[in-house]
Structures are given as structure tokens and as C-alpha cells.
Amino acid sequence: MGSIVTAYDVEYIEIYTSDQRKTTDYFVSSMGFQEKARCRTGALDSILLRQKDIQLVITSGAGTADFLAAHGDGIADIAFACEDPLAAREGALAAGARDLTSGNPAGPAVSGFGAVRHTLLKRSAGRPHALPPGRDWIASPERPAQDGTTTELRLLDHIAVCLEAGTLHDTVRYYIDGFGFEEYSSEYVAVGEQAMDSIVVRSPSAGITFTIIEPDSTKKPGQIDEFLERNGGPGVQHLAFLVDEIIPAVLEFESRGVEFLQTPGTYYDALAERIDNLDEAIADLRKTNVLADRDEWGYLLQLFTRSPYERRTLFFELIQRHGAQGFGSSNIRALYEAVERARAANS
């Protein structure tokens, strides 16, 4: 049984970066975030970005040096909004967390997975976001949105986490017992000689969703193993942002410098047989490399960016949902099969 004390929303996500200007520009100029405030706290220099209910804190400085040396640019903190942060900390500690409150300017904090921590902040459900506490924020001048910007990221759909083999179930149990999360779904995905196991956990409010993945160590190493090696251990693989219309979003973001992964043409040759009754034309999906998947509730469209960071770890996803409640796991298999068909055609 999970804890009765729950974290119900993501308050902010803090990214440690070696190039604050470049990282900030990526989110502001390319993805439509607005800079809201800046602060310098000890050895940390931070910029707060916001788009609707999504808050990002972009941090550099001497205080990030150890993290960056071990993991490269990436997510160091996923802050949780709680009704009672101290009680939430006690629940997490009882479930096996390490107390990371000491030296954390924002307040109570506990370990998550790998080097990622969870700062625990008080905010009642339904209340708007405030500036993260414990830092001397200075409000940034209001700036108009980028000319021609039409795409809005509606919310943070989910956070994808990569773990080392053999740690998935213990990590899931930690979030259930420590924060009151619930197991939402699970799936084992095998593609060729590679495989991965995944479990989705979610807060009862549905404000926090983690897709947690580990490689199958009995199979050949694959993309999860590669991430773990480049990242120096477990971490956040990607953030998924929900959009209303993904095709114009992809075209707009590409025009602003975002690079997306390319999809083999053979993927679309089989798409009509795999998924019927799409509102979008397959030609438009092919043009933009957008992927499609269906579950019992509907279908979704998704596309992943290339990682903008040197180690090619953290990247981002755009996702549009037409009723679907899954996360597009069938696309892993469909992409693998598409590559195999392309190889066969060229052999």
C-alpha cells in the first residue's frame, strides 16, 4: 500500500548546464518559453523559464561542476508540489530515500534515482506556481512572444527515466511507498536481440507521470544501455510535452532550429495497415517524420528531438493525444521493423 502522503504535481524541473545562455535560448527561442526571473545563490546561477504550467530552472555555476563532470548537461532536480513537504520527506525517508535537505536552498529534499533529487515544496492543489523559495529571484523584464509563434506546450505529459538493469521494481516500489504513486501500466518490449522492461507510475492527481525503463541484461545492449553509459548512470532520458497539433508544431519548431529524429520511409509504408482511421494524412506524417500509435482508447502522434547536448543524453518529445492513454511503445518495434525492411530492400 502506498503512502497516504502524496506529491501531486511537478513544481519545476532544474537542468544543470555548462552553457546557460545556449540552453536558455533553446527553450525560449525554439520552444516558446518565457524567461520569468534570474538569481544567483551561492555557487549557483539560475534562470526560471515558464510556459503555461511548465516551469524549468536552468542552472550553471561552480555548484554544478561535479554533476556536469559525472553526467553532462541534464536534469538534477524534479521538484514536487506537496500539501505537506515535511510529511512527504518523512514518507520518502521511510521508503528508503536519502535526506538531501542540507545545503538545498529551496528546502526539504530527498534522493530520487541516480543523481536526480526531489525538492519538496508546499503548494496547495489549484494554486498557481510561485517562484521557487530559498533564492533571491529578480523578475526579468516582460518580453513579447517570438514573432509568429503559434505552438503552445500545454503541459508536461510524462518524464521518461532510464535505470540500470535489475533496479526497476525497487524504484517503482519506492515511488509507490514513498510518495503515494500508483502503478499505471507495465510492458516488456522486445525488438530483435534487444529488450527493455518498463513500468509507468503516476501520482493519484495524474500531475506526475514517470515512464521508468530498464534494459534486459540477458539480451544484447541497446539504446537504454547506451544512455546509461553516456549519462554515467541512471537519469532522465526525455521530457514529453503535450501539444494540440503536432504537425504544425514540428514544422514551427524546425524553423526555429530544433532538430528531430528522422523516420525511415518504410515505417509509413506499413502505417495504414497498423493504424486505421487517422485524422491526419499519412503523407503529412511522412513529411514531418511524426510517429503514430494506437491503444484501446484511441491513438497518439509523437516525435522526438535530437539531444541538443554534447553527451547526447537528455532529449525531448512532442506528443498529441487522440484519446490514447499509452506512451507509444509499439513504435519502438515498428521502427525496428521499418529499418529491417529498408535493409532487406537494399540488399
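**Terms and values**

Modeller: Cys 162 is called buried because its relative accessible area is 0%, where buried means under 20%, exposed over 50% and partly exposed in between, with a 1.4 Å probe and protein chains only. This is a predicted model, in which local features need pLDDT of at least 70 and side-chain atom pairs count only at pLDDT 80 or more, while totals for chains, interfaces and linings use all residues. Residues are numbered from 1 along each chain as its sequence is written, and side-chain values use heavy atoms, with hydrogens and water left out.

Biologist: Why is Cys 39 called buried?

Modeller: Because its relative accessible area is 6%, and the limit is under 20%.

Biologist: How many disulfides does a search of the whole structure find?

Modeller: The search finds 0, a disulfide being a pair of cysteine sulfur atoms within 2.5 Å.

Biologist: What makes strand 10 and strand 11 a pair?

Modeller: Two strands pair if DSSP finds at least two bridges between them, and here 9 bridges join residues 182–191 to residues 194–202 in the antiparallel sense; strands are DSSP runs of E, at least two residues, numbered from the N terminus. Tyr 188 stands opposite Asp 197 of strand 11, and the hairpin has 2 residues between its strands, with Gly 192 in the turn at a positive phi of about 60°.

Biologist: Which strands are the edge strands of the open sheet of 8 strands?

Modeller: The order is 6-7-5-1-4-3-2-8, with mixed pairing, and strand 6 (109–111) and strand 8 (138–139) are the edges because each pairs on one side only.

Note on methods. Helices (H or I, at least four residues) and strands (E, at least two) are DSSP runs, numbered from the N terminus.
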